[in-house]
Amino acid sequence: MPSLQVIRNRSLFVKLLLSMTAIVIVTVILISSVTYTISADTSIQNSIEYNQSIMEQQRELIHKELNAIQNIASSMVMTQSYLYHKINDKLSVSSLIDLTRFLEEQQKLSPYIDSIYLVYNKLDLILTSRSDMKMSPLSSFTDRSWLTAMNEDTANRTLWLTNRPGNTIKGTLATSLMQKMPLIGPVDGAIVINLKLDLLFKEYLSHYHNKKGLTLVLGSQGEPLYSETEEAAALIGKFDQSVLSAPGSGSYVDDRRWIVTYTTSNVTGWKFVNLTKRSVLLEGLSRIKLIVAAVSVLYVTVAILLLFYISQRLYRPLKSVLTYISGGERASSETSLPAADEASFIQQAFERLRHSRETILSEKERVETLLGDNRSAIKEKYLSDLIKGRAISKQNSGQEKDAAELLGLKLDFERFALLTIELEEQSLLNDSTGNLHFHLFQYGLIEELGPEINGEIFARDDERTIIIIVAVPANQDDFPIELARKLQRNMESRYNILATIGLSRIHTGVFSAQTAYEESVEALSLKMYVGKGEIVPYTIVSSWKQDEETYFYPYELETKLLQALLQLNEEECAETISRITKEVTARRLGKANVQQLFFQLSGEIVKTLVQTGGDMTAVLGDRPFVLSDIQTLRDMEARLMEMCTQIIAHNREKRLKLNDMTLQLATEFMEKNYNNNITIETVAGHVQRSTSFLSRIFKEATGTTINDHLIHLRIKRACELLRQPKYSLEDICREIGYANVSYFSKLFKSRMGSTPGQYRLLQTVDQNPVGGLEHSE
């Protein structure tokens with residue numbers, strides 16, 4: 001039994017080999033299982049993330065189209081109110097023509113609009129863009145399934161109606177966008193836009209089609225709106241509806257091993273769902289199974305062989321190593337090896353340690369060199385963190401001295417102040433190389449002022465703001481203000497840059513750096529009142545502080561401004577805006593209040609323009625509410641006045657054109673109908689203007705009244721008829737619209753200086769002077 005004896009003698013070797021082999025096998029099994037599980041979970045998670053990403057992209061693309069259609073509906077509400085005119089409680093013919101053409105034009109704005117209905121409830125009238133029916137009474141209109149939604153009292157006046165019975169093809173379901181009218185007040189009508197939903201979904205949901213899944217769309221109530229296949233539509237009813245009805249986006253794996261990924265539209269409430277079989281995703285992992293199994297077998301085989309060799313090598317020199325380390329001199333002949341082998345091994349270990357130490361020292365030198373080359377950037381980062389309270393903590397007090405020594409900082413926190421310089425927008429900072437110019441400007445300041453001040457100059461992160469931490473000598477509390485004045489003069493004379501400077505109070509201790517910075521920034525916030533290019537010390541901030549919860553809006557002055565705007569009184573607008581600015585200054589409103597006041601006031605000004613039929617973009621430009629150029633009250637006052645001036649100029653031009661057209665229509669009407677006993681009310685009704693307005697513009701244009709002009713036309717015609725003897729006075733009165741001959745005679749004499757008979761006689765004498773003379777003789 002020599003083999004058994006060998007095993008007993010080498011029990012440690014056998015135990016070591018078996019133990020390590022067991023560890024290897026268990027490790028391989030665990031690694032294989034974990035690898036496969038991770039691969040499967042990763043595949044599923046990647047699929048979910050991919051589906052989620054694609055569906056969100058598809059949803060956003062569809063949102064873009066739906067938002068465009070919703071914007072069309074909103075703009076139609078405003079435009080139809082301008083085109084809407086009634087005559088005798090009925091829609092005028094011109095309005096009917098304009099609105100019908102308008103519906104056709106709006107339908108062409110989107111390829112996904114099937115038709116548009118314009119509903120007037122009080123008129124019992126509906127206008128459509130359909131080619132088969134342009135107008136119909138509302139009570140007899142065939143497509144009425146949306147009428148209930150229009151009459152319902154809802155908080156939102158924009159509704160998405162899905163799966164309602166359509167009218168184009170019997171048995172089909174329609175999806176529509178309803179915009180109730182008007183936007184404020186009792187509902188008196190609506191705009192209904194019928195959508196080509198299948199075309200919209202097919203065009204957008206097919207571009208990113210996941211070949212391993214099915215895509216469908218559900219309505220806000222869970223009703224199916226679109227499905228790629230009938231199988232997807234049949235499956236959706238079998239899933240957990242409580243999960244699918246949840247808002248937002250998400251995914252889950254159901255009991256039948258389907259992976260369901262969904263996302264919800266925040267515009268319509270529709271839900272986009274992707275269904276993918278888990279088994280389909282795992283089919284691609286079969287090859288991974290085989291590879292993992294083959295690698296595991298190979299790894300175990302190689303590991304066992306390697307372990308056998310390593311165990312044998314470890315077993316034989318074990319005692320020699322222990323003897324060498326412990327300094328023993330005796331070892332068993334069966335278990336010992338030449339000491340030189342293990343000594344060489346240990347010596348090599350020490351050599352490796354020595355080599356590692358040299359490598360570490362070399363790396364240290366490289367880091368110090370790198371620190372020296374990037375000292376400026378690291379210094380700016382440290383100073384930026386210091387003023388924000390992130391560089392040091394009270395538990396590690398004293399670090400600032402180490403950092404200052406390492407970075408070469410000139411910081412003295414015994415007595416210091418902080419200056420924050422905000423550069424105004426000048427040409428130096430506005431071109432394509434603005435960042436380069438800014439850094440050159442910053443380094444120029446450091447080079448010029450560095451030797452003169454006991455402190456540091458740096459830029460705050462990537463913002464175009466320069467901060468100076470300066471030591472203040474004892475008994476020289478005015479030193480920061482003098483330094484700020486010197487900086488302003490230097491920047492204006494050399495760089496032509498206007499700068500606003502905020503000064504903190506004088507502080508002590510490094511932990512006050514954050515407070516000093518916040519004080520200088522708070523002082524800069526007063527630029528709104530004091531203007532650009534000023535020096536603002538923190539000592540005046542307390543006198544300007546206001547309760548942030550107090551909100552003020554000049555409603556009375558707003559009403560006066562809008563009245564002046566409608567009256568085209570530019571001087572009154574300027575005076576009112578100036579009073580608003582003075583009121584804001586007197587109340588010392590906060591920045592947020594001032595911005596809100598500007599937005600609200602400019603919005604009311606623009607609303608006045610829109611209500612008078614003006615185009616906001618054409619009159620005020622694309623971005624009338626931009627705040628980037630409005631940093632002070634003077635900027636706000638100038639912008640509001642600029643808006644008023646542009647609107648007044650636009651309305652004056654529009655009013656002149658409208659008045660000319662009104663006068664032309666009135667004059668033509670009077671010339672054709674002066675003999676029909678018409679009055680000023682008749683003329684005003686014809687041109688659809690008030691009598692006072694028509695009288696005023698007629699007087700301004702002609703210098704006479706409408707009644708005088710009518711009398712002038714009648715007397716002129718009477719003079720023409722009096723020259724013809726065949727017409728009697730009664731005939732002439734009837735011809736020019738007078739029933740009373742006596743009244744006509746008095747009126748004629750007052751205008752012409754003679755009676756009708758005298759005028760006829762004089763005209764006869766002028767035409768036949770000889771005959772008249774003979775007759776007199």
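## A salt-bridge tour

Searching the whole structure turns up 16 salt bridges, each being a side-chain nitrogen of Lys or Arg within 4 Å of a carboxyl oxygen of Asp or Glu. You're looking at a predicted model, where local features need pLDDT of at least 70 and side-chain atom pairs count only at pLDDT 80 or more, while totals for chains, interfaces and linings use all residues. Residues are numbered from 1 along each chain as its sequence is written, and side-chain values use heavy atoms, with hydrogens and water left out.

Start zoomed out, coloured by secondary structure: the protein has 29 helices and 18 strands (DSSP runs numbered from the N terminus, helices being H or I with at least four residues and strands E with at least two). Of its 777 residues, 39% count as buried (buried is under 20% relative accessible area, exposed over 50%, partly exposed in between, with a 1.4 Å probe and protein chains only).

Now select Arg130 and Asp132. Their closest N and O atoms sit 3.1 Å apart in a salt bridge. Arg130 is buried at 13% relative accessible area, whereas Asp132 is exposed at 59%.

Next, pick Lys560 and Glu572, a salt bridge at 3.4 Å, N to O. Lys560 belongs to helix H18 (residues 555-566) and Glu572 to helix H19 (residues 570-587), so this pair ties together parts 12 residues apart in sequence. Lys560 is partly exposed, at 29% relative accessibility.

Then go to helix H22 (residues 633-673), where Glu642 and Arg639 are 3 residues apart, about one helical turn. Their side chains form a salt bridge of 3.1 Å, N to O. Glu642 is partly exposed at 39%; Arg639 is buried at 14%.
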